Amino acid sequence: MNILLLTLLYFHFVARMPFLKAAGRNPSRSALLENQSKKCGTRATYFSVDGDEYAGEWLDDNKHGRGIQVRKKSSSIYNGEWKLGKRDGYGIQSVLGANTNTYAKKYAGQWENGMKHGHGVYFYKGCSGVYEGQWREDQRSGWGRMLFGDGDVYEGEWTSDKEHGLGIRRYANGNWYEGSWRDGEKSGNGKLYYCDKGQLYRGLWVRGELKCGTLEDLGAGEHVAQPAKCPIPQVKLVDVKTVLQEAQSGHFDC
């Protein structure tokens, strides 16, 4: 009787006890509060301890979406798209002008992973130039057009922030070069039009220097307004092409 009574009492009380879940399955209160405190969606201006300001969209405590950031140290403003805390998409960067209280546009275009990447326009300091074209990881790469502060214009291919590939550079004095470039210098075959003299040089360049080629007069209308005033004397070589081929086949480090 005693054993039967104890068994009945055991099942009676166990059945009334609350079900206990395994430890760790429910998030703690601190974890819930931390998750709720994360910035998500559109927020008003957020001020950081270093003086920077940001107003815009957030996702899990990261700038994400559209927003405006003001950086105190660099005196700059970025207005555009963000992805997980980094500039990504289209955006405009402006900087505070020297001795002024106004912001001037520095870069307008595409960004990726916090760097200029894609098509964009960059304004160099002190009106020293404007570049419009392709970027790759903060460097001019691809096809682009550069207007230099001295009046020269280059349009063509870029690699690692330098003229590299095929391109044309029009000089402020009216002359222009069309041909190959390497690491920012004329290198390879190209043509240099001396519009002020009415002449054309065709040949080979190595590290920006002329190595071999031909110089000829141009008539009016052939990229020049007037023919050459002092015509080049006729070349008396028997086989001009052979001479050029032998020169170009030399051991030039192009």
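Start by selecting K63 and W82: the charged end of K63 sits over the ring of W82, 5.6 Å from its centre. Here, a charge over a ring has NZ of Lys or CZ of Arg within 6 Å of the ring centre and within 35 degrees of the ring normal. You are looking at a predicted model, in which local features need pLDDT of at least 70 and side-chain atom pairs count only at pLDDT 80 or more, while totals for chains, interfaces and linings use all residues. Residues are numbered from 1 along each chain as its sequence is written, and side-chain values use heavy atoms, with hydrogens and water left out.

Now zoom out. The protein has 3 helices and 15 strands; these are DSSP runs numbered from the N terminus, with at least four residues for helices (H or I) and at least two for strands (E). Of its 254 residues, 28% count as buried, a word that stands for under 20% relative accessible area (1.4 Å probe, protein chains only).

Next, pick R87 and W111. The charged end of R87 sits over the ring of W111, 5.1 Å from its centre.

Rings of Phe, Tyr and Trp (its six-membered ring) pair if their centres lie within 6.5 Å; planes under 30 degrees apart count as stacked, over 60 as edge-to-face and the rest as tilted. Y78 belongs to strand β4 (residues 76-83) and W111 to strand β6 (residues 103-112), so the pair ties together parts 33 residues apart in sequence. Both Y78 and W111 are buried.

For a stacked pair, select W176 and Y193, whose ring centres are 4.2 Å apart with planes at 15°. W176 is in strand β12 (residues 176-182) and Y193 in strand β13 (residues 185-194), 17 residues apart.

Now go to K116 in strand β7 (residues 115-123). K116 is buried, at 11% relative accessible area. Leaving aside neighbours within four places in sequence, its contacts (heavy atoms within 4.5 Å) include Y107, W111 and W135.

From there, follow the strands. β7 pairs with strand β8 (residues 129-136) in the antiparallel sense over 6 bridges; pairing takes at least two bridges found by DSSP. Their hairpin has 5 residues between the strands, and G126 in the turn has a positive phi of about 65°.

Finish at W135, which stands opposite R140 in β9. The hairpin of β8 and β9 has 2 residues between the strands, and E137 takes a positive phi near 50°.

Technical notes: Buried means under 20% relative accessible area, exposed over 50%, partly exposed in between (1.4 Å probe, protein chains only).
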